[in-house]
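Here is a friendly walk through one protein model, taken a region at a time. Keep the structure open beside you and find each part as it comes up.

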Amino acid sequence: MNARTDLSVGIDVGGTNTDAVVISPSGEVIAWTKSATTGDVTAGIRSSLAAVLDQLGPDRGAVSRVMLGTTHATNAIVRRRDLGRVAVIRLGAPASTVYPPLAGWPADLRQAVLAGYVLAGGGHLVDGYPIAELDRDAVRRLLDELDGRFDAVAVCGIFSPSFPEQELEVEALVQDHVGVDVPISLSSEIGALGLLERENATVLNAALYAVARDITSALTTVVVEHGLDAATFFAQNDGTFMAVEYAARYPVLTIGSGPANSIRGAAALSGADDAIVIDVGGTTSDLGVLVGRFPRESTLPREVGGVRTNFRMPDILSLGVGGGTIVDVAAGTPGTDSVGYRIAEEALLFGGSTPTLTDAAATAGAVVAGRELPPLDRSVRKGLAEALAVAHDRIESAVERMSLGRTGLPLVVVGGGEFLVPDRVLGASEVVRPERGAVANAVGAAIALAGGRADRLCAVADRVAAIEEASKAAIDKAVQAGADPARVEVIDVLETPVTYVTQPTLKVAVKAAGPVAHIGRKEPT
């Protein structure tokens, strides 16, 4: 019998490093690895998993789940690669014809994704009254005109998060018309209120189905290759996880999972419930805020690859300050570019010829990988020292900005470049450097809970009923994502007044989360 049971593996794929950890049920990090991200991301996942399993030895059979945080979806959008062609169906005519679907998208991304669109009659007013009768014939005409020249369908109706019935009817209509094998994204299941941003998120989700299929298949294959009897999950952008099948349906929800993992991992490693977190990587430093051990979420639309979306994302501030940031020694400032995962080849500290902020930290006495700088000209050392001072100023300003005027919060420093953060930062009560902070992102993936969320609009008088309805929907989504039905609970309720309506109205947003169902051995098939 194994000495340990129910171990969780967390893997996080970043732009510079791929990290992996093994966590015990008590939260102890019992194995970890950090390696450079490779061009073949799947190979990097495979080697990282192999490294931590080798450290476990005979206890490797106790691994019951593998959690992955990945940049695959983000990279596909940013690079305009591997995206599917999407037929877009908007329900809202004649009220929403001024701005066509994908308005405001970068031209190259729009060309890569849009197969065709229709502005069909339908949608609802804020109180649920139909704008127009659902125009089923318009939907059928679009499908006939495209004649199969699309990979997925995106459906977006006005106020559909509160009134999804028309979207569900269109889903059934599309399946009846072109078959059940064509994937369909419904905006009521993806974004919040706000037509264009929610539509954008839904179209991106539909365009990512092939990417999701490849990465979910790769993760499952890697786990099988290592002979693990373990369930597989994906981290999503609110600090929770989702089952592989859920990730395949909602790949856009993996965007932003990296920063969320780091924030959750920082909470677990430091024991802090409320704090500012800075994750210093090789290319950027990402700052976020812990509120009740979960990432503070942004209330503003977020851009992904130049596209405004409104699905929930962590409130993150990214600085161009990382271990691989290239230094202009003549000007004494950090540049805008980074050597990234090539730092072990190009930085001065490793025998290369490119001055970086890692080299700047080493001139100030930081010990990095047990190495020492080679002899440098006085002018180079001076430029590196000045660049480090500029980096410290930028970090301090970012901490002040993220605190929103709140004093007394600790600054938890994680990431492989944590040596770039000084021991005293104005605006933070203290600087905390938790053990194993270099792999906090993988820790966050390993400890994630299954989550779900739901939004509802209601009159103020119907507030209690709306919260109950949204709570039930959020719990159902958390269970669908993989949570144990007996242990899932509501962890956040946000009520926001709605302006420009004829009667007092609230938007109710509920988030639910719980531990994974059936931790342990999977049932034999």
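A word on naming before we start: helices and strands here are DSSP runs, a helix having at least four residues and a strand at least two, and they are numbered from the N terminus. Please also keep in mind that this is a predicted model.

With that naming in hand, look for E197, which sits in helix α6, spanning residues 195–207. Leaving aside residues up to four places away in sequence, E197 touches P301, R308, T309 and N310. With R308 there is also a polar contact, made side chain to side chain at 3.5 Å.

## The four-stranded sheet

Next, find the open sheet of four strands, whose order is β6-β5-β7-β8 and whose pairing is parallel. Its edges are β6 (114–121) and β8 (184–186), each of which pairs on one side only. On average, neighbouring strands in this sheet are turned by 15° against each other, direction ignored.

Within this sheet, β5 (residues 86–93) pairs with β6 in the parallel sense, over seven bridges.

The peptide bond joining A93 and P94 is cis, with omega about 5°. L102 is placed in the loop between β5 and α3 as well. Although L102 is not a glycine, its phi is positive, at about 70°.

## Helices α4 and α5

Helix α4 lies across β5 and β6, and runs at about 165° to β6. How do the axes of α4 and α5 meet, and at what angle do they cross? The axes of α4 (residues 136–146) and α5 (residues 165–178) come within 11 Å and cross at roughly 40°. The two helices are therefore oblique to each other, an angle under 35 degrees being what would count as roughly parallel. The crossing of α4 past α5 is right-handed.

On the α4 side, the contact is made by R136, V139, R140, L143 and D144. From α5 come E169, V170, L173, V174, H177 and V178. Sorted by class, the contact of α4 with α5 has six nonpolar, one polar and four charged residues.

## The nine-stranded sheet

Now turn to the open sheet of nine strands, which follow the order β3-β2-β1-β4-β9-β10-β21-β23-β22 with mixed pairing. At its edges are β3 (29–36) and β22, and each pairs on one side only. From one strand to the next, the twist averages 25°.

Two pairings from this sheet show both senses. Strand β10 (residues 240–243) pairs with β21 (residues 449–459) in the parallel sense, over two bridges, and T240 stands opposite L449 in β21. Strand β22 (residues 489–498) and β23 (residues 505–514) pair in the antiparallel sense over nine bridges. Here E495 stands opposite V508 in β23. The hairpin of β22 and β23 has six residues between the strands, and Y500 takes a positive phi near 60° in that hairpin.

Helix α7 (residues 209–225) lies across β4 (63–69) and β9 (231–235), and runs at about 140° to β9. Which strands does helix α14 touch as it packs on the sheet? Helix α14 (residues 463–481) touches β10, β21, β22 and β23, and its direction makes about 155° with that of β21.

Technical notes. Residues are numbered from 1 along each chain as its sequence is written. This is a predicted model: local features need pLDDT of at least 70, side-chain atom pairs count only at pLDDT 80 or more; totals for chains, interfaces and linings use all residues. Side-chain values use heavy atoms; hydrogens and water are left out. Axes are lines fitted to C-alpha atoms, for helices over the stretch in contact, and angles run from 0 to 180 degrees between N-to-C directions. Angles under 35 degrees count as roughly parallel, over 145 as roughly antiparallel, 65 to 115 as roughly perpendicular and the rest as oblique. A crossing is left-handed if the near helix is turned anticlockwise from the far one by less than a right angle, and right-handed if clockwise. Contact means heavy atoms within 4.5 Å. Ala, Val, Leu, Ile, Met, Phe, Trp, Tyr, Cys and Pro count as nonpolar, Asp, Glu, Lys and Arg as charged, and the others, Gly among them, as polar. Two strands pair if DSSP finds at least two bridges between them. A polar contact is a pair of N or O atoms within 3.5 Å; within protein, one must be able to donate a hydrogen and the other to accept it, and residues adjacent in sequence count only if both atoms are side-chain atoms.
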